Amino acid sequence: QVQLVESGGGLVQPGGSLRLSCAASGSIFSITAMGWYRQAPGKQRELVATITSGGSTIYTDSVKGRFTISRDNAKNTVYLQMNSLKPEDAAVYYCKLDMYDHMVASTTYYWGKGTLVTVSS
């Protein structure tokens, strides 16, 4: 099995910064992508950013220019640097890992339990 442990959430004032980390452990092989999603109260979970094993990144429009996703392949860890935070960025942030299983020729998705980001003055 695979475990994802997120850290780095907390309370920050508008305009502030936070860095989220997500470390994957367990039976890890053939990671195709890692990413961050978020879910605010009363809203659906949405993609924030993803990064592939090759380093390609995708961001949702609302965070472009403010958030940066990166990964350390050796540590199976993905990061999300969040700058210029806005109240609308407040949410529970979830880490997601996509892993390709060659034995069954399919991709399995794993989720972390989430870390809370609060943006308030």
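Me: Which strands form the open sheet, and in what order?
Reply: In this predicted model, four strands form an open sheet in the order β1-β3-β8-β7, and the pairing is antiparallel.

Me: Which strands stand at the edges?
Reply: The edges are taken by β1 (2–7) and β7 (67–72). Each has a single partner strand, so one side of each is left without a neighbour in the sheet.

Me: And what does the twist average?
Reply: From one strand to the next, the twist averages 15 degrees.

Me: How many bridges join β3 to β8?
Reply: Six bridges join β3 (residues 18–26) to β8 (residues 77–82), and the two strands run antiparallel. Within that pairing, L20 has L80 in β8 as its bridge partner.

Me: Staying with R19 for a moment, which ring does its charged end sit over?
Reply: The charged end of R19 sits over the ring of Y79, at 4.1 Å from the ring centre.

Me: Now disulfides. How many does a search of the whole structure find?
Reply: The search finds one disulfide. It joins C22 to C95, with an S to S distance of 2.1 Å.

Me: Is the disulfide left-handed or right-handed, and why?
Reply: The torsion about the S-S bond of C22 and C95 is about -80 degrees, so the disulfide is left-handed.

Me: Are the two cysteines, C22 and C95, buried or exposed?
Reply: C22 is buried, with a relative accessible area of 0%. C95 also counts as buried, at 0% relative accessibility.

Me: Changing topic: how many aromatic pairs does the structure hold?
Reply: The structure holds one aromatic pair. The rings are those of Y37 and W111, with centres 5.0 Å apart.

Me: Why is the pair of Y37 and W111 classed as it is?
Reply: The planes of the two rings stand at 65 degrees, so the pair is edge-to-face. The cut-off for that class is an angle over 60 degrees.

Me: Where do Y37 and W111 lie?
Reply: Y37 lies in strand β4 (residues 31–39) and W111 in strand β10 (residues 106–111). The pair therefore ties together parts that are 74 residues apart in sequence.

Me: Buried or exposed, for Y37 and W111?
Reply: Y37 counts as buried, at 17% relative accessibility. W111 counts as partly exposed, at 37%.

Me: Which residue lies over the face of W111?
Reply: R45 lies over the face of W111, at 4.6 Å from the ring centre.

Me: Back to β4. How does β4 pair with β5?
Reply: β4 and β5 (residues 46–52) pair in the antiparallel sense over six bridges. W36 stands opposite A49 in β5.

Me: What is in the turn of that hairpin of β4 and β5?
Reply: Six residues lie between β4 and β5, and G42 in the turn has a positive phi of about 80 degrees.

Me: How many bridges are there between β5 and β6?
Reply: β5 and β6 (residues 57–59) pair over three bridges, in the antiparallel sense. T50 stands opposite I58 in β6.

Me: And which residue takes a positive phi in the hairpin of β5 and β6?
Reply: G55 takes a positive phi near 100 degrees in that hairpin, which has four residues between the strands.

Conventions. Residues are numbered from 1 along each chain as its sequence is written. This is a predicted model: local features need pLDDT of at least 70, side-chain atom pairs count only at pLDDT 80 or more; totals for chains, interfaces and linings use all residues. Side-chain values use heavy atoms; hydrogens and water are left out. Rings of Phe, Tyr and Trp (its six-membered ring) pair if their centres lie within 6.5 Å; planes under 30 degrees apart count as stacked, over 60 as edge-to-face and the rest as tilted. Buried means under 20% relative accessible area, exposed over 50%, partly exposed in between (1.4 Å probe, protein chains only). A charge sits over a ring if NZ of Lys or CZ of Arg is within 6 Å of the ring centre and within 35 degrees of the ring normal. Two strands pair if DSSP finds at least two bridges between them. Axes are lines fitted to C-alpha atoms, for helices over the stretch in contact, and angles run from 0 to 180 degrees between N-to-C directions. A disulfide is a pair of cysteine sulfur atoms within 2.5 Å.
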